Amino acid sequence: MPEQSTLQYTAEHEWVLIENDVATIGITAYAAEKLGDVVFVDLPNNGASVTTGTVIGEIESTKSVGELFAPVNGEVTEVNDAVVDSPELVNSDPFGAGWLVKIRFIELPELMTFAEYSVLVGE
Amino acid sequence: MAGHVLAAKTTHDLSAFASRHIGTDADAQETMLGAIGYDSVDALVRAAVPASIHVDGFRSAADSVLPPAATEREAIAELRLLANRNTVNRSMIGLGYYDTITPAVIKRNVLENPSWYTAYTPYQPEISQGRLEALINFQTMIADLTGMTTANASMLDEGTAVVEGMLLARRSSKADSSVFIVDADTLPQTKALLKNRAEVVGIELVELPLAKNPVELPAAFGIFVQYPGASGRLWDPTAIIALAKSQGALTIVAADLLALTLVAAPGELGADVAVGTSQRFGVPMGLGGPHAGYMAVRAGLERQLPGRLVGVSQDAAGHPAYRLSLQVREQHIRRDKATSNICTAQVLLAVMASMYAVYHGPQGLTQIATTITRLTRVLARAATEAGHTVASGNYFDTLTLRTKTDAVSLVQRAHNAGYLFHLVDATHVQLSVDETTTLADTRIVAELLGEELADDTVPREIDAWIPSTMQRTTEFLTHPVFNTHRSETSMMRYLKHLADLDYALDRGMIPLGSCTMKLNAATEMEAVTWPEFGGLHPFAPAADIAGYLALIDQLQGWLADLTGYDSVSLQPNAGSQGELAGLLAIRGYHRGRGDDHRTVCLIPSSAHGTNAASAVLAGMRVVVVACDELGNVDLDDLRAKIAEHAENISALMITYPSTHGVYEHEVGTICKAVHDAGGQVYVDGANLNALLGFARFGDFGGDVSHLNLHKTFCIPHGGGGPGVGPVAAKAHLAPYLPGHPMAQHDFHAGAPVSAAPYGSPSILPISWAYVRMMGSDGLRDATAAAVLAANYVAVRLRDHYPILYSGDNGLIAHECVLDLRPLTAATGVTVDDVAKRLIDYGFHAPTMSFPVAGTLMVEPTESEDLAEIDRFIEAMIAIRLEADAVAQSLGDDNPLRNAPHTAQSVIEGEWTHPYTREQAVYPVRGIIRGKYWPAVRRIDQAYGDRNLVCSCPPPEAFE
């Protein structure tokens, strides 16, 4: 599991791990906690091309639904099938086994640092 | 009339119905007023309702068109006179509505039983296991008969189910087309609904005679097949469904449930979605409703289902338990992105239909269907011998005849003889056989057709008119529940067993905010089961329904008068449909003026999610207006949004009093701002129970509203339907209110939103009786008593739970929002914990987390007496003390977190909790004698959504 302090963040409560030209994306523990028990995850198809800021998936809990936004432009290279089969991973391990998609990005927009995100969620 | 002279005029005279409907008498009200600090109920309401909207400022009380209050006896006598003006002829009209025999054990123990009809939608599953089981029986019955994987817990009617099927197909199909293909042999009312609804959301309808099995289809996202056809024709759509599938289109099949006992199921034919009605499973026609429509889908489409879906989960002890599944599909969560705007279903009628199948079982249903089709064969033979031509060689229960002589006079002769034929055109009539048709009937019908029934032997083999290739070969209703209750004793006990699991108004208060769970009086319910109201086909001749038309006309007039509007259509079958009808009226009005660009619908962030979902289906774009910290519409944001969308403003939807239970002071200013921008004001009537008699939507700026007769006007909730959501409008919108191409009387000229012309007429006598027995004064007193009760609860509870919102003079309307967030922060006790703990105290929880997460909204209504209100208040205070104890010493193993407690949970095994068994189940001494025991412990919501099971589990699961 990556250190939270080494990740970048979005205002939509997603975390982004940059490794070379691939971004791994998940939702933060704060978002998972707010959503409650996640029961269903809808992710884009492998190979789909995505645009920054658009909705590429949904995360459903028993009481609400959260949208997954693409934090970067690019092509989906991998989706986490384990989380589709076991959506509870989003709650139990949001920064690890609960990751959602990997995107080979074309350009990297400016994202939030851990410190900035911590201010956003008031921690 | 002597009765009127003797009739009581005050709410405290027990011969006045109002004194039976309103729970608090003068002494109680004085006590409550003392607690709040007002001298009179009138002074209290005047202080709460802004003076600028008081009805007195707009008209004198003498202008009311309501007759003076009748006593219960007088009202029944008047209803009897109206009923006598209806004529129940033998309907052979068909077209989706068939006479049926309601088993008396179901009529008495379900339809006439408050344990079933006064329950609410099963949002608190721990105290709703009975009707949830009945609904999962319904889903299993539908899934089995249609051969699909998953069925929902009912739709409003067949016509709207087809529309929802069309919308589902568009969401799910990958075909790049906006075309929906409709079989030419489709029910006329369904065609009318599709036409109205498709155009609004940009769907193009293409009608084709699919029974001719075309080898090519235009590009489309979906096709619709009526099975058997509206004309009665039975044909095999397998090839056409395969062709559609190869083009990426989904197929929706509307199937007759009784026919499906004999013919191949839609699922076996390759359909993606099956829809229809369960009316002929023991639910009276009632001039068109209410009855339960259905929808079922193949595997993979479950998440696209609109409406309620019951599933199996498990409780805290690991036992199977039922609850509503996948609720995030629904409009209260997803708002403008929901699968549909529908929320109310037809639970009571779905329960009746499912019990009809439970009682008859697969053999009984097959026998009923076989008798029907054999009698149809007898009629076909007689018609042919009389020189008519039967249009289709294969059929189930319906024949279209090309008549030898003039069809019009044939239909007239039949009517004179007490039989209703459907006149197709000058040379065609249509006849349907149903469960009530006898051999004696066929003899008379044969004579009408011009032929003595020489051969009245009923053919045994059905192969001659239902080809063996089309016959059903698969089993259905194999679950034990459909194969156990054959004797009436067994059936009666099963219904009693299920009813005993549930908490309805016959047990105690259901203080659900925004739901208005008030008395559904026995006198109001009485006429519902009279055959003169139940036995009429929705397309019966006008002469047969004179009493109904008079009742509808009167009720429409009264509702218009009470709300300050000019015209009312009773057609919408739920609040959501009323909203849609109202928004479509606004759309029609703008377009009529050439303002096609006016498509922006302003909706406050506090609105019911249904508002946004309805706006989308009315072809509008939702723009959210912010609310301030007091819960009121933020006027600055409203002005900014109006400025931003200036010329494109279509409407504002506003609920009054607000969803926060407050009379917004600025409502007049808000309406004026929208009018000044050329927009129309839609006032959501969900909270009318706090306004009736004191202010009228039409006076303070509303152009159109829907009312919920199942809230303010006493139609029982039925465990989640039926509902009636009339739409009321000012004169300029009246031409666009929903009418119907087959209506017997032209009340309205707009396009329909329901399958039947007047929606659900058989339950209209309930609201008619309520208004008739309350009169203007009684209705006003009821509003005042409801506002008094809510303010009393607020004052008594405010030291224990902060009251989140209040309006003028610190007062609230008819409901109060208790803020539990500080308690949760301090003790970890959640809204869920308090709601479930209330069950141990013998109460139904208030509304949870609406309009604000982490709150409870309490609506006591006018019907609860002071003793019951006080018991509820004391329970809430006791729970507050328990929560404090949690923080101080108990920790996570506490009576709130572990609530509700079943009998089993306190008896079996060793008691290891740090609180006593007595505290668990008898937290107050008063409930010892009459304790309500929940059937299950707290239900795991996530487990059920992650492991979706929506049909009856095997009996072993409960061992």
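**View 1. Chain A, overall fold.** In chain A, 61% of the contacts with a separation of 6 or more are between residues 24 or more positions apart; two residues are in contact if their C-beta atoms, placed from the backbone, lie within 7 Å. The model is predicted: local features need pLDDT of at least 70, side-chain atom pairs count only at pLDDT 80 or more, and totals for chains, interfaces and linings use all residues. Residues are numbered from 1 along each chain as its sequence is written, while chains are lettered from A and ligands numbered from 1 in the order in which they are written. Chain A has four helices and nine strands. Helices (H or I, at least four residues) and strands (E, at least two) are DSSP runs, numbered from the N terminus. The order of elements from that end is β-β-β-α-β-β-β-β-β-α-α-β-α. The C-alpha atoms occupy a box of roughly 35 × 35 × 25 Å along the principal axes. Buried residues make up 37% of the chain. A residue is buried if 20 or more other C-beta atoms lie within 10 Å of its own, exposed if 12 or fewer, and partly exposed in between; C-beta atoms are placed from the backbone.

**View 2. Chain B, overall fold.** Chain B has 32 helices and 25 strands. Its C-alpha atoms fill a box of roughly 85 × 70 × 65 Å, taken along the principal axes. A compact globule of 959 residues would have a radius of gyration near 30 Å; the 28 Å of chain B agrees. Buried residues account for 61% of chain B. Of its contacts between residues at least 6 apart in sequence, 78% join residues at least 24 apart.

**View 3. Where chain A meets chain B.** Nine residues from chain A and seven residues from chain B form the contact. On the chain A side, four are nonpolar, two polar and three charged. Ala, Val, Leu, Ile, Met, Phe, Trp, Tyr, Cys and Pro count as nonpolar, Asp, Glu, Lys and Arg as charged, and the others, Gly among them, as polar.

View 4. Helix α5(B) covers residues 72-84. Its 13 residues reach 18 Å from first C-alpha to last, close to the 18 Å expected at 1.5 Å a residue; the expected span is 1.5 Å times one less than the number of residues. B:Ala75, B:Ile76, B:Leu79 and B:Leu82 are buried. They lie on the same side of α5(B), because they cover an arc of only 115° around the axis. The arc is that of the directions from the helix axis to the C-beta atoms. Their cover includes α18 (522-526), α20 (546-563) and α26 (764-797) of chain B. Exposed B:Ala77, B:Leu81 and B:Asn84 sit on the face turned away from the buried side.

**View 5. A seven-stranded open sheet in chain B.** The strand order is β2-β8-β7-β6-β5-β3-β4, with mixed pairing. Two strands pair if DSSP finds at least two bridges between them. At the edges are β2 (150-151) and β4 (204-208), each pairing on one side only. Strands β7 (residues 273-277) and β8 (residues 293-297) are antiparallel over five bridges. B:Ala274 has B:Ala296 in β8(B) as its bridge partner.

View 6. B:Ala35 belongs to helix α3 (residues 26-36) of chain B. B:Ala35 is exposed, with 12 other C-beta atoms within 10 Å. Leaving out residues up to four places away in sequence, B:Ala35 touches B:Tyr792, B:Val795 and B:Arg796. B:Arg796 is 761 residues from B:Ala35 in sequence, yet 7.8 Å away in space, C-alpha to C-alpha.

Note on methods
Rg over C-alpha atoms; globule rule 2.2 N^0.38 Å.
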